[in-house]
Amino acid sequence: MKKNFSVTALAASSSGNAYHLKCEDTELLIDVGISAKCVCDRLRELGSDITNINAIFITHEHIDHVKGLSVLSNKYDIPIHMTRFSAEEYLRKNPKAQNIVTHDLHFECSVGSVKAKSFFSSHDSCACVGYTFESDGYKFGLATDLGYVDREAIEALVGCDGVVLESNYDENKLVCGSYPEHLKDRIRSNTGHLSNYDCAAFARYLAENGTKHFMLGHLSEENNTPEIAFNITSRALAGFDDVVIKVASKNALTYFI
């Protein structure tokens, strides 16, 4: 593990997602799907401050990833990196948002000591991406809205030292749950979300290729539980004695790496 490289989930669930990454003197946020006040409170709890953030990276424009963005964009002079298509949709609804930096679907940029790179993520937004962040030989990846695991996600995340993966729903809970059939179909589709078993299979593949740290994120509050998600991935990674698995919390800081 690279010295001074840390990742913490500020919040992670189907209702709101935000992550903090720090490497040396560089601090980033990945998504701000909780209120701006909550982001600032969680950063202070972490021992940081919103004024320390060098840049924000947004995966896509859905509310559970951008809830606090408008307030932060207007109050603080922080560059906000988004794909062009997601930014257009976001700005249509939030025309007063400031500091938006738009990119093609595939882009690379450096912020301080960290190099960020996007990759396509199959999800029913205008343009959803995952990210990898690399510094001095340490590589971290995040993919929290994956309808399915395609070749691009595999190529982006293979070789990462640590990853955050979506483990959104348990198949049995989804089938037996209260969601209407059209919503169940959307969640199960190739542009919906990743199930526990699909997440676990992908985690095993990544572990076979060297990934040591896993955080399970974006859990559905109705169609999953942290215990179910953790147990399924743990069974898939049985035999990898040096692998660490954590489940991101909805309401509290979750220290990852």
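Q: Let's start with Asp41. Is Asp41 buried, exposed or partly exposed?
A: Partly exposed, because its relative accessible area is 29%. Keep in mind that this is a predicted model.

Q: What does Arg44 do with Asp41?
A: Arg44 forms a salt bridge with Asp41, and the closest N and O atoms are 2.5 Å apart.

Q: Which residues are linked with Asp41 and Arg44 in a network?
A: Lys37 joins Asp41 and Arg44 in a network of salt bridges.

Q: Why would side chains like that pair up at all?
A: Side chains of opposite charge can pair when their charged atoms come close.

Q: How many salt bridges are there?
A: The count comes to 12 salt bridges.

Q: Ok, tell me about Arg186 and Asp124. What goes on between their side chains?
A: They meet in a salt bridge, 2.7 Å from N to O.

Q: How accessible are Arg186 and Asp124?
A: Arg186 has 28% relative accessibility, so it counts as partly exposed. Asp124 counts as partly exposed too, at 31%.

Q: One more of these: what about Glu108 and Lys117?
A: Their side chains meet in a salt bridge at 3.8 Å, N to O. Glu108 is partly exposed at 48% relative accessibility, and Lys117 is partly exposed with a relative accessible area of 41%.

Q: Switching topic to rings. How many aromatic pairs does the structure hold?
A: Seven aromatic pairs. Take Tyr131 and Phe133: their ring centres are 5.7 Å apart and the planes sit at 40°, so the pair is tilted.

Q: Why tilted and not stacked?
A: Planes under 30 degrees apart count as stacked and over 60 as edge-to-face. The Tyr131 and Phe133 planes are at 40°, so that pair is tilted.

Q: Are Tyr131 and Phe133 buried or exposed?
A: Tyr131 is at 0% relative accessibility, so it counts as buried. Phe133 is buried as well, also at 0%.

Q: What about the rings of Phe133 and Phe140?
A: Their centres are 6.3 Å apart with the planes at 25°, so this pair is stacked. Both Phe133 and Phe140 are buried.

Q: Which residues form the aromatic cluster?
A: Phe57, Phe107, Tyr131, Phe133, Phe140 and Phe256 form one cluster.

Q: Last topic, helices. How do H8 and H9 cross?
A: Helix H8 (residues 196–208) and helix H9 (residues 226–236) have axes that come within 8 Å and cross at roughly 35°. The crossing is right-handed.

Q: Which residues make that contact?
A: On the H8 side they include Tyr197, Cys199, Ala200 and Ala203. On the H9 side they include Ile228, Ala229, Ile232 and Thr233.

Q: How many of the contact residues are nonpolar, polar or charged?
A: The H8 and H9 contact divides into eight nonpolar, two polar and two charged residues.

Conventions
Residues numbered from 1 in each chain as written. Predicted model: local features only at pLDDT ≥ 70, side-chain atom pairs only at ≥ 80, totals over all residues. Heavy atoms only, no water. Phe/Tyr/Trp six-rings, centres within 6.5 Å; stacked < 30°, edge-to-face > 60°. Buried < 20%, exposed > 50% of the residue type's maximum accessible area, 1.4 Å probe, protein only. Salt bridge = Lys/Arg side-chain N within 4 Å of Asp/Glu carboxyl O. Axes fitted to C-alpha atoms, helices over the stretch in contact; angles between N-to-C directions. Helix = DSSP H or I, 4+ residues; strand = E, 2+ residues; numbered from the N terminus. Left-handed = near helix turned anticlockwise from the far one by under 90°. Contact = heavy atoms within 4.5 Å. Nonpolar A, V, L, I, M, F, W, Y, C, P; charged D, E, K, R; others polar.
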